[in-house]
Amino acid sequence: MQDELFVAKENEFSRYYQQLANVKVNAVGDLAVFLETAPTKLTIINGEARLAEIKSALLERYGNELAIVISRPNFLEIADRLATKGQALSILAEMLDIPREQVAAVGDSYNDLDMILYAGFGVAVANAREEIKSVADIITAKNTDHGVAVFIRQYLFDEKEEIF
């Protein structure tokens, strides 16, 4: 399935997201009128200081229903509380009968937090946010230095030599 971005009108933020996520942008006018079904995710792009204020207000009003996280410095993601990476990982592990202790998850930002906390091996890349590194069991190389591959080779296959 191809992801698509629906916006009221195109602007610098929609063009930025389009370039970053490589998704098609559709300017549709009033989103409340356009949407026939609930979206899978809402993303608000703004300055990080403003996002903290918006996040706080949304958590106060919808915190029991929605997962609301700052995923990148300028991105506030809003999704159903049960549609998080941690929830998906838990369901997948259960479906495949994999004990939690044998599950590994690698991440770098707040939208990875519940996944890292769920996993038996919670891994943060070296350039992750400090709050994410503080809860991880293991810190691997930066994502730009092939952190996931380094983790797999060193911890899952016990190969200690430098690979990149």
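Which residues form a nonpolar patch on the surface, and with about how much accessible area together?

**Figure 1. Nonpolar surface patch of the predicted model.** The patch consists of Ile91, Leu92, Met95, Leu96 and Ile98, which together have about 490 Å² of accessible area. Patches are made of residues with over 30% relative accessible area and no salt bridge, with nonpolar side chains (Val, Leu, Ile, Met, Phe, Trp, Tyr) joined within 5 Å and like charges within 9 Å. A salt bridge is a side-chain nitrogen of Lys or Arg within 4 Å of a carboxyl oxygen of Asp or Glu. Areas come from the Shrake-Rupley method with a 1.4 Å probe, and for residues only the protein chains shown count as cover. Leucine 96 belongs to the loop between helix H4 (85-95) and strand S6 (104-107); helices (H or I, at least four residues) and strands (E, at least two) are DSSP runs numbered from the N terminus. Leucine 96 counts as exposed because its relative accessibility is 53%, the classes being buried under 20%, exposed over 50% and partly exposed in between (1.4 Å probe, protein chains only).

This is a predicted model in which local features need pLDDT of at least 70 and side-chain atom pairs count only at pLDDT 80 or more, while totals for chains, interfaces and linings use all residues. Residues are numbered from 1 along each chain as its sequence is written, and side-chain values use heavy atoms, with hydrogens and water left out.

Figure 2. Just after H1, asparagine 22 adopts a positive phi of about 55°.

Figure 3. Beyond neighbours within four places in sequence, arginine 129 is in contact (heavy atoms within 4.5 Å) with Glu48, Ile70, Arg72, Pro73, Asp108, Ser109 and Tyr110.

**Figure 4. Glycine 120 in the loop between helix H5 (113-118) and S7.** Glycine 120 counts as partly exposed because its relative accessibility is 33%. Its C-alpha atom is separated by 4.0 Å from that of glutamate 101, 19 residues apart along the chain. Leaving aside neighbours within four places in sequence, glycine 120 is in contact with Arg100, Glu101, Val103 and Asp137.
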